[in-house]
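Work through these exercises with the structure open. Each task is followed by its solution.

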Amino acid sequence: NKNKIKYQNYNKKKYILFLGNLEKRKGVQDIFKIVNQVKNINKNIKFIFCGFDKNNYFKNLSKKLKIYDKITFISWVRGKKKEKILSETKIFLLPSYNENLPVSILEAMRNQIPVISTKVAGIPYQVKHNYSGYLINPGDTKKLLIYINKLIDNNNLCKQFGLRAKKIFIKNFRNE
């Protein structure tokens, strides 16, 4: 049952995930700006970008910025492959400039993943700042970096935020 709360071992989770079309309005370039400064970039933590990258724009940008070796691009995923990636995700990022009510955030919440996103459109109805994740202003890469580093080092905080996210999801967003 996808709506059941289950124990998660955040120590074993190794992805910082972006899930959605790779577009400027979704803040992908903001994530790129801070990749090199994320504290624990090591064998364990990996940035994963899942989504359509038109003309390989972001893949090429990552090479230009010399961060290509620190990130993984996976085109659109669904089904078991998507569930596997979500199950191994420690932090979900969607630093959008413009959104509605992103389904990808609901998927993260359903999978007990802390979310870092922006205070735009319906996102503050999904993510409660400093309770189930963090909300930043679009383009605030300083705060994005601070919050990623805060969560990377604190499995307990990830667990608390993840559980709260799941409860918010079950209460407000699941469809039965």
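**Exercise 1.** Decide whether Phe73 is buried or exposed.

Solution. Step 1: take the cut-offs, with buried under 20% relative accessible area, exposed over 50% and partly exposed in between (1.4 Å probe, protein chains only). Step 2: Phe73 has 19% relative accessibility, so Phe73 counts as buried.

A note on the source: this is a predicted model, where local features need pLDDT of at least 70, side-chain atom pairs count only at pLDDT 80 or more, and totals for chains, interfaces and linings use all residues. Residues are numbered from 1 along each chain as its sequence is written, and side-chain values use heavy atoms, without hydrogens and water.

**Exercise 2.** Classify the ring pair of Phe49 and Phe73.

Solution. Step 1: rings of Phe, Tyr and Trp (its six-membered ring) pair if their centres lie within 6.5 Å; planes under 30 degrees apart are stacked, over 60 edge-to-face, the rest tilted. Step 2: the centres are 5.8 Å apart and the planes stand at 25°, so this pair is stacked. Step 4: Phe49 is buried, at 1% relative accessible area.

**Exercise 3.** Find the aromatic cluster that holds Phe73.

Solution. Step 1: list the members: Phe18, Phe32, Phe49, Tyr57, Phe58, Tyr68 and Phe73. Step 2: check Phe32, which is buried at 3% relative accessibility.
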